[in-house]
Amino acid sequence: MWAADATFARSGSWREEEDEQDALRWAALQRLPTVARARRGLLHGDDALCEVDVAGLSPGDRTALVDRLLADSGDAEHFFRRIRARFDAVQIEFPKIEVRYEDLTVDTYVHVGSRALPTIPNFICNMTEAFMRHLRIYRGGRVKLPILDNISGIIRPSRMTLLLGPPSSGKTTLLLALAGRLGPGLKISGNITYNGHHLNEFVPQRTSAYVSQQDRHASEMTVRETLEFAGRCQGVGIKYDMLVELLRREKNEGIKPDEDLDVFMKALALEGKQTSLVAEYIMKILGLDICADTIVGDEMIKGISGGQRSA
């Protein structure tokens with residue numbers, strides 16, 4: 001009976017010692033400057049927590065980290081709610097953008113009848129007319145075609161907006177106009193504002209993106225490399241500034257976040273190879289582990305992309 005009590009007492013003492021060591025490691029991390037603290041985190045090792053550079057996580061560390069983060073439910077919404085709750089705890093609000101369009105009209109000029117056919121003579125005539133229009137010698141025999149006719153609406157922040165309409169009703173043109181990506185051959189009038197700022201005062205390409213329904217991927221790249229490339233193109237935006245402010249407020253209020261969540265969020269806010277952690281998370285959510293390092297063709301990639309959109 002005495003031996004059993006001693007065994008349990010020793011086990012409890014060992015756990016208390018480990019907790020003290022973890023607390024000391026966290027205290028040492030908190031003493032670092034905020035910029036340095038944004039690159040360091042505590043990662044669960046074999047026996048205890050260890051301080052790591054979040055930009056230098058090994059593939060095994062990334063996989064184990066994502067597995068632990070999704071161990072509770074595997075639900076992406078639950079995981080995002082944990083991230084949101086961390087910001088809410090220190091009263092940090094995410095930037096919100098409201099897009100308004102008023103009296104928006106988009107017109108184009110087209111040929112009708114036989115001149116609209118894609119023939120070689122028509123191509124030569126079109127090029128000649130374009131050159132003459134550029135010199136303001138000849139205006140051409142084109143007909144004005146309205147694509148969007150005096151429409152107005154609001155896209156409110158923190159909401160998902162569904163745009164429905166029959167084919168050739170102007171859905172793509174509207175989205176391109178709101179994203180500031182209309183072609184030079186289209187004539188646009190009306191007002192488009194982002195948080196009250198017109199397009200000549202605001203750069204929508206830094207805030208919004210138009211994703212075409214035509215998927216184009218390099219067939220020589222694996223699924224993992226494709227996701228990593230997409231992450232690098234996206235960049236980190238304002239995530240780093242928000243992370244620094246989050247760390248500063250948590251330190252002031254004495255809040256200790258979950259170690260795994262802390263490492264994951266720091267990796268998201270840094271540039272470079274750490275975007276692989278995002279690819280690891282996406283593949284875990286969608287069950288793509290088996291083809292992560294497989295070179296696939298465009299058709300298979302399109303199928304995967306379609307599954308992502310459905311998910």
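These legends describe close-up views of a predicted model.

**View 1. The largest nonpolar core.**
The largest nonpolar core holds 28 residues. Leu65, Phe79, Phe87, Leu246, Phe264 and Tyr281 have the most contacts inside it. Five helices each supply at least two residues of this core: H3 (59-69), H4 (76-89), H8 (239-253), H9 (259-268) and H10 (276-286). Helix H9 gives the most, with five residues.

Leu261 sits in helix H9. Is Leu261 buried or exposed? Its relative accessible area is 5%, so Leu261 is buried, since buried means under 20%. In sequence, 192 residues separate Leu261 from Leu69. In space, their C-alpha atoms are 7.1 Å apart.

Arg68 and Asp260 form a salt bridge. Their closest N and O atoms are 2.9 Å apart. Arg68 belongs to helix H3 and Asp260 to helix H9. The pair links distant parts of the chain, 192 residues apart. How exposed are the two partners, Arg68 and Asp260? Arg68 has a relative accessible area of 28%, so it counts as partly exposed. Asp260 has 7% relative accessibility, so it counts as buried.

Asp262 pairs with Arg86 in a salt bridge. The closest N and O atoms are 2.7 Å apart. Asp262 lies in helix H9 and Arg86 lies in helix H4, so the pair ties together parts that are 176 residues apart in sequence. Asp262 is buried, with a relative accessible area of 1%. Arg86 is buried as well, at 6% relative accessibility.

Glu77 and Arg81 form a salt bridge. The closest N and O atoms are 2.9 Å apart. Both residues lie in helix H4. They are four residues apart, about one turn of the helix. Glu77 has 45% relative accessibility, so it counts as partly exposed. Arg81 has a relative accessible area of 55%, so it is exposed; the cut-off for exposed is over 50%. How many salt bridges are counted in the model? The count comes to 14.

**View 2. A negative patch on the surface.**
Glu16, Glu17, Asp19 and Glu20 form a negative surface patch. Glu20 lies in helix H1, which covers residues 2-30. Why does Glu20 count as exposed? Its relative accessibility is 52%, and exposed means over 50%.

**View 3. A nonpolar patch on the surface.**
Four residues make up this nonpolar surface patch: Ile120, Phe123, Ile124 and Met127. Together they have about 460 Å² of accessible area. Met127 is placed in helix H5, residues 120-134.

**View 4. Asp103, a positive phi in strand S3.**
Asp103 has a phi near 50°. That is a positive value in a residue other than glycine. Where does Asp103 sit? Asp103 is in strand S3, residues 99-110. With a relative accessible area of 45%, Asp103 is partly exposed.

**View 5. Asn150, a positive phi in strand S4.**
The phi of Asn150 is near 55°. Asn150 is a residue other than glycine, and this value is positive. Asn150 lies in strand S4, residues 143-155. At 46% relative accessibility, Asn150 counts as partly exposed.

**View 6. Ala64 and His44.**
Ala64 is part of helix H3. Its relative accessibility is 31%, so Ala64 counts as partly exposed. Ala64 and His44 are 20 residues apart in sequence. How far apart are Ala64 and His44 in space? The distance is 9.1 Å, C-alpha to C-alpha.

Terms used
Residues numbered from 1 in each chain as written. Predicted model: local features only at pLDDT ≥ 70, side-chain atom pairs only at ≥ 80, totals over all residues. Heavy atoms only, no water. Patch = residues over 30% accessible without salt bridge, like charges linked within 9 Å, V, L, I, M, F, W, Y side chains within 5 Å. Areas by Shrake-Rupley, 256 points an atom, 1.4 Å probe, with all protein chains shown as cover. Salt bridge = Lys/Arg side-chain N within 4 Å of Asp/Glu carboxyl O. Lys, Arg positive; Asp, Glu negative; His and termini not counted. Charge placed at Lys NZ, Arg CZ, Asp CG, Glu CD. Buried < 20%, exposed > 50% of the residue type's maximum accessible area, 1.4 Å probe, protein only. Core = buried A, V, L, I, M, F, W, Y, C linked by side-chain atoms within 4.5 Å.
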